Amino acid sequence: MTGQDHGDHFEEKHCCSALADSHEESGSNTSTYDDVDAIHRLGTKDDVDDTHTDDTKGKCKRVSGDLKRTTSNVLAHVASRISTRTWPEPPPPPDGGSKAWTQVAMGWLVIFTTWGWVNSFGSFQTYYTSVLPQTPSTISWIGSVQIWFCLVISVFSGRLLDAGLFLPTFLVGAVIQVLGIFLMSISTQYWSLMLTQGVLTGIGAGIFFTPSLALVATYFDKRRGLAVGLATTGNSAGGIVYPVVVRQLIPTLGFAWTARVLAFINLACLSIVFAFMRPRLPPRKSGPIIDFAAFRELAYNGVVAGIFTTSMANYFSFYYIASFGRETLGLSYSTASIMVILINGAGMIFRIIPPIIADRIGPINVMFPVTLAWAIVAFCWLAVDNVPGLYVFSCFYGICSGSFQCLTATAIASITKRLDTVGTRLGMAFSISSFASLTGPPIGGAIQAANGGKFTGSQAWAACMTFIGFLCFAVVRVNKAGLNPRARC
């Protein structure tokens, strides 16, 4: 046999070995040597070597191509698994313990300095009406803009909690809010009050409010309603403390130093929060700022719509209750300011009771009857024509409002499947409802002005908006649990 023949047989032997290995790995039952025997039957002895060599080389090339395609398919499959794999489930909440309840206490201070401050604007509304030339409807824009910024920024700040940036977010927001109150003390005109009290304090509060409330919710599961409810009592406490400070200090110290005292109160409270409040969940770096998938859920849309419509009525009532007492019933500024304290303080204990019930039967099951009772009380405002009646109305309205507001975060969390998206979805809900808080008081004030200063039209409008909110929660209740009265949702 010639050297060429030896080379061909050597190449044939190695190619056949590669073919055997490839067939063995792929699970094929066809023998490589059967292929070689078939090659040997193709022609004469002289042609066999050439044909055998060329055919074997062709098979080696096909095997190489198959191996490449197999490797490519495997790599593509692995890459697909990596790219489409969702982030891991967060660890379960402790649902108690010293650290968890510390976060509740810190959440209480956060809500005290944000919504307690916001809800006390009724005392400023009454004072500004007496010292500024603008109409009450125009003045109410200060409080509305403040609430709007506080809520609309939530769509961004809520995602920052999920991304693991809670502490820097909180620090920036606290500095802006306290700075706004200090600058408010040197403001004497409408535009400057709008920029400081309306814009700056609203932006600052909006940056740290939603991440803080969502953080509290991530520490609890079965006791989440109670935990968030306890934290929201800071709303009522702030709604009592701030109006009392304004009512007592403005006649003695003047507006400027009264505002500075309020700024120092917020500075002390927020410093404590910064020292002790800490997130529990690991950062979730990926994920959108807006979770558009939420808008494909009827339950989420219904809850957001219910919060939206009730917010329009709620802040009109909170801002104008003192003005109603002063303009319709002839109360003094000092006495009318008590209405703001009552409407905020009456709901304090009821910010705890509904969450306890919600932990047992579900937040939607509680919000459904609460909004019905709230709408009934709102219609009763039309019948108030004396001071005792105003006191009674303020108390019951505050109870219903507090019972509702303490459950909003819990309701959003209950219809959110993953705890590490609560901040995002809560921020989205608050941002949408911010437009209701922005327009509600001015719309009510415009209706009042169109009726010659009478409150009848604006009272009826506010009651109807609350009733629409009840209908929204009725839809959510049916969607989640049907007509079964015992179902938890």
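Me: Which residues in H7 meet which ones in H9?
Reply: Ser 154, Ser 157, Gly 158 and Leu 161 of H7 meet Gly 206, Ile 207, Thr 210, Pro 211, Ala 214 and Leu 215 of H9. A contact means heavy atoms within 4.5 Å, and helices (H or I, at least four residues) and strands (E, at least two) are DSSP runs numbered from the N terminus.

Me: How do the residues of that contact divide into nonpolar, polar and charged?
Reply: Five are nonpolar, five polar and no residue is charged. Ala, Val, Leu, Ile, Met, Phe, Trp, Tyr, Cys and Pro count as nonpolar, Asp, Glu, Lys and Arg as charged, and the others, Gly among them, as polar.

Me: What should I know about the model and the numbering?
Reply: It's a predicted model, where local features need pLDDT of at least 70, side-chain atom pairs count only at pLDDT 80 or more, and totals for chains, interfaces and linings use all residues. Residues are numbered from 1 along each chain as its sequence is written, and side-chain values use heavy atoms, leaving out hydrogens and water.

Me: What's the average pLDDT of the protein?
Reply: It averages 80, and 80% of the residues score at least 70. pLDDT is the predictor's confidence in each residue, from 0 to 100.

Me: Where does pLDDT stay under 50?
Reply: Over residues 1-57, with 37 contacts beyond four places in sequence, and over residues 66-86, with zero such contacts. Where pLDDT is low, the predicted coordinates should not be read in detail.

Me: Back to helices, at what angle do the axes of H12 and H13 cross?
Reply: Roughly 150°, with the axes of H12 (residues 298-327) and H13 (residues 333-345) coming within 8 Å. Axes are lines fitted to C-alpha atoms, for helices over the stretch in contact, and angles run from 0 to 180 degrees between N-to-C directions.

Me: Which residues meet there?
Reply: Ser 317, Phe 318, Ile 321, Ala 322 and Arg 326 in H12 meet a set in H13 including Tyr 333, Met 339 and Ile 343. By class, the contact of H12 with H13 has eight nonpolar, two polar and one charged residues.

Me: New topic, how many salt bridges does the count come to?
Reply: Two, where a salt bridge is a side-chain nitrogen of Lys or Arg within 4 Å of a carboxyl oxygen of Asp or Glu. One of them joins the side chains of Arg 425 and Asp 291 (3.0 Å, N to O). Arg 425 sits in H18 (residues 422-450) and Asp 291 in the loop between H11 and H12, so the pair ties together parts that are 134 residues apart in sequence.
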